[in-house]
Amino acid sequence: MSRGAIVIVAGAGALGLSCALALADAGCAVTVCDPAQTPQASAVAAGMLAPVFEAVLDEGGEAAFDLLIAARNLWPGLEARAGVALDRSGAMAVGEAAWLADVAAGLARLGVRPTELSRTTIENLTPTLGSVFDQALLVREDWRLEPRQALAALRRTAEAAGALFRREAVTGIGEADALVIATGADQRLAEAAPELARLTPIRGQILRFMDIRGGGVSLRTDGAYGVPASDGLAVGATMEPGRAEAKVDPAALAPLVAATGRLYPALAEATFGASAGVRAATPDGLPMVGFSKSPNVVLAVGARRNGWLLAPLVAQMVTACITGRDPGPYAARFDPQRFKDGRFDAL
Ligand SMILES: Cc1cc2nc3c(=O)[nH]c(=O)nc-3n(C[C@H](O)[C@H](O)[C@H](O)COP(=O)(O)OP(=O)(O)OC[C@H]3O[C@@H](n4cnc5c(N)ncnc54)[C@H](O)[C@@H]3O)c2cc1C
């Protein structure tokens, strides 16, 4: 395949739209298909582009720090190309002294030097934060975007670059030269790409306090985060493995409500909305990006809880596969064929 290839992109979430734009920019004739009005996980996400705190706080994150940083470093290019606004205020960790000490040790292992903040500075940065937090570690390396604005900007720019959009589900490669599968946690294209059977769903629920609007520093604490956004302060998120329904389950929201009370006591009685999305995870937590066993099918799935962060890196690699260029240093770690350990040989 080469420049000028006819490419179908299945899925118009963060990954599908980023791939569509990169492919259109590379000279491909791109059609993006998605039956949904709003892509699900991508629209409900908090939008953190957080290589540092994801490396420190997420299981297996430390080993992925190099590629998380590489992905974040591609965002200024998308900011310039598509007008996706990035908030570079940073993120700060607050919590119990022992937990904060673990975070500081994790940051030191990564070679990241946080700024230790006094209570006065914390109050200036986040006036709503509970007064029990008198210490914080601020890192400026973690950024943020507004998911719905970013989806609109990516779509607009992809359209201007020549990509066509259709509100329909893809069932196979049809007459196209290549099919890019960016269908999130959905496995209904497993006949076109058997590797999709390796994905497991992880539902995530998130609270939104619509009366608190604005930008600024995000908060990370033990088991939760608080993200100030223009459509409301987001407190997230649950990790519910095996749950594939993007439905709010009020019974699972209790830990987030409790975290809100700890972080923002003034909001303990405030009204909030809740939404749910389903993340797609592979057995090792890294995405599957690259060729399927099925000819001319390229996967862009399994970004788990960092799909927004990873989107430009995934798009770059998918475009390299389709235009016959080197997919770069992360190709082996993202290779959809990497799970041949006996358990998956039948696929
Ligand atoms: C609560 C929550 C908070 C999160 N916070 C963050 C965060 O702060 N930072 C971050 O980086 N990530 C975050 N994530 C993860 C991130 O949202 C996902 O990794 C990312 O959105 C995945 O994007 P996607 O394009 O792969 O999938 P999706 O956004 O799920 O899009 C897939 C699309 O494919 C479509 N589709 C399915 N089947 C077909 C078909 N056959 N044909 C055509 N289209 C099809 C669907 O309709 C859907 O629109 C969060 C996730 C959740 C749930």
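What radius of gyration would a compact globule with 347 residues have, and what does the protein have? A compact globule of that length would come out near 20 Å, and the protein has 20 Å, so the two agree. Please keep in mind throughout that this is a predicted model.

**View 1. The whole protein, before we zoom in.** The fold is built with 10 helices and 17 strands. Taken along the principal axes, the C-alpha atoms fill a box of roughly 60 × 40 × 40 Å. The radius of gyration of 20 Å agrees with the value for a compact globule of 347 residues.

**View 2. The shell around the ligand.** Here we look at the 41 residues around the ligand, of which G11, G13, G184, G204 and G307 come nearest. Sorted by class, this shell has 23 nonpolar, 13 polar and 5 charged residues. Several elements supply at least two residues each: the helices α1 (14–25), α2 (40–44) and α9 (307–323), together with the strands β10 (200–209) and β15 (273–281). The largest share belongs to α2, with 4 residues.

**View 3. Helix α1 beside helix α7.** Now follow α1, one of the elements that supply the ligand shell, to its contact with α7 (residues 147–160). The two axes come within 9 Å and cross at roughly 25°. An angle under 35 degrees counts as roughly parallel, and therefore α1 is roughly parallel to α7. The crossing of this pair is left-handed. On the α1 side you will find L17, S18, A20, L21 and A24, which meet L151, L154, R155, T157 and A158 of α7. These contact residues divide into 7 nonpolar, 2 polar and 1 charged.

**View 4. Helix α1 against helix α9.** Helix α1 also packs with α9, at an angle of about 40° and with the axes 8 Å apart. That angle makes α1 oblique to α9. The crossing here is right-handed, whereas that of α1 and α7 is left-handed. From α1, the residues A14, L15, S18, C19, L21, A22 and L23 take part, and they meet a list of α9 residues that includes G307, W308, A311, P312 and V314. Further along α9, the list also includes A315, Q316, V318, T319 and I322. By class, this contact has 13 nonpolar, 4 polar and no charged residues.

Terms used: Residues are numbered from 1 along each chain as its sequence is written. This is a predicted model: local features need pLDDT of at least 70, side-chain atom pairs count only at pLDDT 80 or more; totals for chains, interfaces and linings use all residues. A residue is near a molecule or strand if its C-beta atom, placed from the backbone, lies within 6 Å of it. Ala, Val, Leu, Ile, Met, Phe, Trp, Tyr, Cys and Pro count as nonpolar, Asp, Glu, Lys and Arg as charged, and the others, Gly among them, as polar. Axes are lines fitted to C-alpha atoms, for helices over the stretch in contact, and angles run from 0 to 180 degrees between N-to-C directions. Angles under 35 degrees count as roughly parallel, over 145 as roughly antiparallel, 65 to 115 as roughly perpendicular and the rest as oblique. A crossing is left-handed if the near helix is turned anticlockwise from the far one by less than a right angle, and right-handed if clockwise. Two residues are in contact if their C-beta atoms, placed from the backbone, lie within 7 Å. The radius of gyration is taken over C-alpha atoms; the globule rule is 2.2 Å times the number of residues to the power 0.38.
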